[in-house]
Amino acid sequence: MHLDRTDFAILRELRKNARLPNKLLAERIGVAPSTALERVRRLRESGAIQGFHAEIQPQAVGIGLQAMISVRLARHARGDLDAFHAYLLTLREVLGFYHVAGANDYLVHVAVHDSDHLRDFALDAFTTRAEVAHIETSLIFTFRRNPDLPVYQDSERE
């Protein structure tokens with residue numbers, strides 16, 4: 001799907017507030033409400049918009065501590081990568097993960113109740129896995145998603 005300037009404006013606004021009423025969205029981007037509604041529908045159907053999410057206060061759901069766990073695999077065989085990826089998807093403490101290049105292979109964002117939970121989780125979830133060679137845990141003191149994540153049009157990349 002080719003995205004134009006209006007589509008990018010919609011994406012920017014919805015990234016900031018996915019619950020923005022259609023009428024206000026239309027005003028902010030300078031189109032008719034029917035145009036905004038149709039554009040959002042098209043963006044969803046094309047996969048450019050993959051979903052709408054709520055930001056949850058971690059303490060409200062018992063999360064007292066978050067960490068990034070750097071994981072280095074013992075081998076880089078496709079089977080090991082696929083198995084570890086599938087395994088991460090089963091862990092409820094895992095908020096998200098990144099398969100990365102560099103000294104480590106994965107950065108795993110975890111949310112736990114407290115430091116004891118983090119210790120037990122790291123030991124049980126990672127050090128018991130044959131494909132894991134090394135882990136390093138970094139506590140997260142502050143986490144905040146940037147609502148103004150840049151969205152680039154082809155002309156903006158130049």
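Two strands count as paired if DSSP finds at least two bridges between them; helices (H or I, at least four residues) and strands (E, at least two) are DSSP runs numbered from the N terminus. The model is predicted, so that local features need pLDDT of at least 70 and side-chain atom pairs pLDDT 80 or more, while totals for chains, interfaces and linings use all residues. Residues are numbered from 1 along each chain as its sequence is written, and side-chain values use heavy atoms, without hydrogens and water.

**Sheet**

Four strands form an open sheet in the order β2-β3-β1-β4, with antiparallel pairing. Its edge strands, β2 (94-99) and β4 (132-140), each pair on one side only. From one strand to the next, the twist averages 20°. Eight bridges join β1 and β4 in the antiparallel sense; Leu73 has Val132 of β4 as its bridge partner.

Two helices lie across β1, β2, β3 and β4. Contact means heavy atoms within 4.5 Å; axes are lines fitted to C-alpha atoms, for helices over the stretch in contact, and angles run from 0 to 180 degrees between N-to-C directions.

| Helix | Residues | Angle to strand |
|---|---|---|
| α4 | residues 78-88 | about 20° to β3 |
| α5 | residues 115-125 | about 15° to β1 |

**Largest pocket**

The lining of the largest pocket comprises 36 residues, with Arg15, His53, Ala54, Glu55 and Arg145 nearest its centre. A pocket is an open set of points on a 1 Å grid over the protein atoms alone, where a 1.4 Å probe fits, with protein on both sides within 12 Å along at least five of seven lines; lining residues have an atom within 4 Å of a point. Helix α1 supplies the largest share of this lining, four residues.
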